[in-house]
Amino acid sequence: MIEAVPERLDGSPRQLRRFWSDEFKATAVEQACQPGVNVSAIARQIGILPS
């Protein structure tokens, strides 16, 4: 069993949580709700992960 100790985690990459403005979220949802739109393509266009 591998034990995680703080010294081993110092070099691990840190992921920063991103916060989106209400305006950005409203625009993204509006674009994604258009008929016939590809949601994954919109996500890539605005710089977020499709998931």
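At 41% relative accessibility, Lys 25 is classed as partly exposed, a class lying between buried (under 20% relative accessible area) and exposed (over 50%), computed with a 1.4 Å probe on protein chains only. Its salt-bridge partner is Asp 22, which counts as exposed at 62% relative accessibility. This is a predicted model, in which local features need pLDDT of at least 70 and side-chain atom pairs count only at pLDDT 80 or more, while totals for chains, interfaces and linings use all residues. Residues are numbered from 1 along each chain as its sequence is written, and side-chain values use heavy atoms, with hydrogens and water left out.

**Overall organisation and confidence**

The chain contains three helices and zero strands, in the order α-α-α from the N terminus. Helices (H or I, at least four residues) and strands (E, at least two) are DSSP runs numbered from the N terminus. Of the 51 residues in the chain, 8% are buried.

The mean pLDDT of the chain is 80, and 71% of the residues score at least 70; pLDDT is the predictor's confidence in each residue, from 0 to 100. Confidence is lowest in helix 1 (residues 6-9), with a mean of 54, and highest in helix 2, with 92.

Side chains of opposite charge can pair when their charged atoms come close. The structure holds one salt bridge, defined as a side-chain nitrogen of Lys or Arg within 4 Å of a carboxyl oxygen of Asp or Glu. In the bridge between Asp 22 and Lys 25, the closest N and O atoms are 3.8 Å apart. The two residues are three places apart in helix 2 (residues 22-32), and therefore about one helical turn separates Asp 22 from Lys 25. An α-helix has 3.6 residues a turn, so residues three or four places apart point the same way.

Ile 48 lies in the segment after helix 3. Apart from neighbours within four places in sequence, Ile 48 is in contact with Trp 20, Phe 24 and Ala 43, contact meaning heavy atoms within 4.5 Å. The C-alpha atoms of Ile 48 and Ala 28, 20 residues apart along the chain, are 10.0 Å from each other.

| Residue | Relative accessible area |
|---|---|
| Trp 20 | 36% |
| Phe 24 | 26% |
| Ser 40 | 31% |
| Ile 48 | 26% |

**The ends of helix 3**

Asn 38 caps the N-terminal end of helix 3 (residues 39-46), with a side-chain oxygen 3.0 Å from the backbone nitrogen of Ser 40. Ser 40 itself belongs to helix 3, and its C-alpha lies 8.0 Å from that of Ser 51, 11 residues away in sequence. After helix 3 comes Gly 47, with a positive phi near 85 degrees.

Conventions
A polar contact is a pair of N or O atoms within 3.5 Å; within protein, one must be able to donate a hydrogen and the other to accept it, and residues adjacent in sequence count only if both atoms are side-chain atoms.
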